[in-house]
Amino acid sequence: DKGKALDEVTLGRIRAAALDALREEDAHFLITTAGVQSCARLGLREALPDIRNLAGDEKTKPLHLRVVSIAALGDLGDDSDLALLDRLAADATGQIKPAAALAAKKITARTAQPEPEAKGEVAVPAEAPKDAGEAPHF
């Protein structure tokens, strides 16, 4: 049945595959990109050091991988990432600048929300501001 929730074993395998794709040495950039996006969608905060390295390194190629990594910081990052994102939004050009600005807005909006009070209650992320339409969403 397609409506069934994934069991913990299957979910664990998916998480491990996402981290492996992100961390694979000498992998094709599409594999790394898929790893970054999967880790962000799965909420894998343990991927943050790797994602931060990709987002902050000017040598990250192709540019698309860096933009995806910056977007993932918006999904997973915290206040400690705002300095990097603010610097990129101020100094960078092209796709980097709007991606960094949007990621910083997402973190700021998310961290401003109160934490869920009851166990099992899930916080719903704030929507990105409508004026941030220039930045790509991955």
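How many helices and how many strands does the protein have? I looked this up first. The protein has 6 helices and 0 strands. I took helices (H or I, at least four residues) and strands (E, at least two) as DSSP runs, numbered from the N terminus. Along the sequence the pattern reads α-α-α-α-α-α.

I note that this is a predicted model, in which local features need pLDDT of at least 70 and side-chain atom pairs count only at pLDDT 80 or more, while totals for chains, interfaces and linings use all residues. Residues are numbered from 1 along each chain as its sequence is written, and side-chain values use heavy atoms, with hydrogens and water left out.

**Entry: the whole chain**

I looked up burial, where buried means under 20% relative accessible area, exposed over 50%, and partly exposed in between (1.4 Å probe, protein chains only). Of the 138 residues in the protein, 34% are buried. I then looked up contacts, meaning heavy atoms within 4.5 Å. Counting contacts between residues at least 6 apart in sequence, 61% join residues at least 24 apart.

**Entry: helix 1**

I found 16 residues in helix 1, reaching 22 Å from the first C-alpha to the last, close to the 22 Å expected at 1.5 Å a residue. The expected span is 1.5 Å times one less than the number of residues. Which residues of helix 1 are buried? They are Leu-11, Ala-18, Leu-19, Ala-21 and Leu-22. These residues cover an arc of only 160° around the axis, which puts them on the same side of helix 1. The arc is that of the directions from the helix axis to the C-beta atoms. On the other side of helix 1 I noted Val-9, Arg-13 and Asp-20 as exposed. The cover over the buried residues of helix 1 includes helix 2 and helix 3.

I stopped at Asp-26, in the loop between helix 1 and helix 2. Its phi is near 60°, a positive value in a residue other than glycine. Most residues other than glycine have a negative phi, and most peptide bonds are trans. Is Asp-26 buried or exposed? Asp-26 has a relative accessible area of 81% and is exposed.

**Entry: helix 2**

Helix 2 has 14 residues and spans 20 Å from its first C-alpha to its last, close to the 20 Å expected at 1.5 Å a residue. I listed its buried residues as Thr-32, Thr-33, Gly-35, Val-36, Cys-39 and Ala-40. Seen down the axis of helix 2, they fall within an arc of 160°, so they line one face of the helix. They pack against helix 1 (8-23), helix 3 (48-56) and helix 4. After helix 2 comes Gly-43, with a positive phi near 70°.

**Entry: helix 2 against helix 4**

Two packed helices are described by the angle between their axes and the distance between the axes. For helix 2 (residues 29-42) and helix 4 (residues 63-76), I read an angle of about 10° and axes 9 Å apart. Axes are lines fitted to C-alpha atoms, for helices over the stretch in contact, and angles run from 0 to 180 degrees between N-to-C directions. Helix 2 and helix 4 are therefore roughly parallel to each other, a term for angles under 35 degrees.

Which residues meet here? From helix 2, Thr-32, Thr-33, Val-36, Gln-37, Cys-39 and Ala-40 meet His-64, Leu-65, Val-68, Ser-69, Ala-72, Asp-75 and Leu-76 of helix 4. I sorted the residues of this contact into 7 nonpolar, 5 polar and 1 charged. Ala, Val, Leu, Ile, Met, Phe, Trp, Tyr, Cys and Pro count as nonpolar, Asp, Glu, Lys and Arg as charged, and the others, Gly among them, as polar.

I also looked at Ala-71, placed in helix 4 and buried, with a relative accessible area of 12%.

In helix 3 I listed Leu-48, Ile-51, Leu-54 and Ala-55 as buried. They cover an arc of only 125° around the axis, which puts them on the same side of helix 3. Their cover includes helix 1, helix 2, helix 4 and helix 5.

Pro-62 is in the loop between helix 3 and helix 4. The peptide bond joining Lys-61 and Pro-62 is cis, with omega about -5°.

**Entry: Asp-81**

I ended with Asp-81, in the loop between helix 4 and helix 5 (82-91). At 3% relative accessibility, Asp-81 counts as buried. What does Asp-81 contact, leaving aside its neighbours within four places in sequence? Asp-81 is in contact with Arg-52, Leu-73 and Ile-107.

Terms used: Parallel < 35°, antiparallel > 145°, perpendicular 65-115°, else oblique.
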